[in-house]
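Let's take a friendly walk through this model together. Keep the viewer open as you read.

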Amino acid sequence: MKQTLVTLTIGQSPRSDILPLLLEHLPEEQIAHAGLLDGLTAAEVAEQFAPQPHEKLLVSRLQDGSQARLSAAKVETGLQRKILELEQQGYEIILLLCTGEFGHLQANNALLLEPDRIIPPLIKSIVDSHQVGIVVPVREQIGEQASKWRHLRKAPCFAVASPYLSDDKTLTAAALSLKEQGADVVVLDCIGYHQHHRDFLQKLLDIPVLLSNVLVAKLAAELLV
């Protein structure tokens, strides 16, 4: 069967941490995987993609399991180049495995699925006037989220817990912070969050907890024929 869909992570592929979760919704034989940082050492990643002070940043996972802090601007430039390469290789659907907000990514012919264009409107339609709590990997990202969630009826509240580094203590602190801020629905806003993060927070808070990666994987599955 032809591989028509390719996942594109801003880290290194395949994303063994979340791949089993994605494959619950996507047929393995129809998808391929690519990563912006494929083939690079940690030192090369730092040299080419490290953020400057006060620069908007993203985080992703390297194959050794470590967390990489990346310049959002450099990532966007690299992703655009990678998207065009994947198109030339014949992929018809490109699923971006990053919930970061990008402004200028585009494909010429392939269908490009960007979580930052899909998740906020979907969450808005689901939550109505409820208080949304957003969990992000690093504290610096909280101030960068205003435009992404600007259409929510109520401004969201935030907590910090990295999907790559956080232990139960950190997740508990994030849950308590969201509870104190009045959240009655939670969004795990990074592709790296997994089912066990969702289950842990939902058990503590007893409110709905949504996984961004599952939402986009389900949508991608509907596009495969």
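Is Leu171 buried or exposed? Leu171 is buried, with a relative accessible area of 4% (buried means under 20%, exposed over 50% and partly exposed in between, with a 1.4 Å probe and protein chains only). You will find Leu171 in helix 5, residues 168-180 (helices are DSSP runs of H or I with at least four residues, numbered from the N terminus). Setting aside neighbours within four places in sequence, Leu171 is in contact with Ala161, His197, Phe200 and Leu201, where contact means heavy atoms within 4.5 Å. His197 is 26 residues from Leu171 in sequence, and their C-alpha atoms are 7.8 Å apart.

A word on what you are looking at: this is a predicted model, in which local features need pLDDT of at least 70 and side-chain atom pairs count only at pLDDT 80 or more, while totals for chains, interfaces and linings use all residues. Residues are numbered from 1 along each chain as its sequence is written, and side-chain values use heavy atoms, leaving out hydrogens and water.

Now turn to helix 7. Its buried residues are Ser212, Asn213, Val214, Val216, Ala217 and Ala220. Pro115, Ile118, Ile119, Leu122 and Ile123 of helix 4 meet Ser212, Leu215, Val216 and Leu219 of helix 7. The residues of this contact comprise eight nonpolar, one polar and no charged (Ala, Val, Leu, Ile, Met, Phe, Trp, Tyr, Cys and Pro count as nonpolar, Asp, Glu, Lys and Arg as charged, and the others, Gly among them, as polar).

How values were computed:
Helix = DSSP H or I, 4+ residues; strand = E, 2+ residues; numbered from the N terminus.
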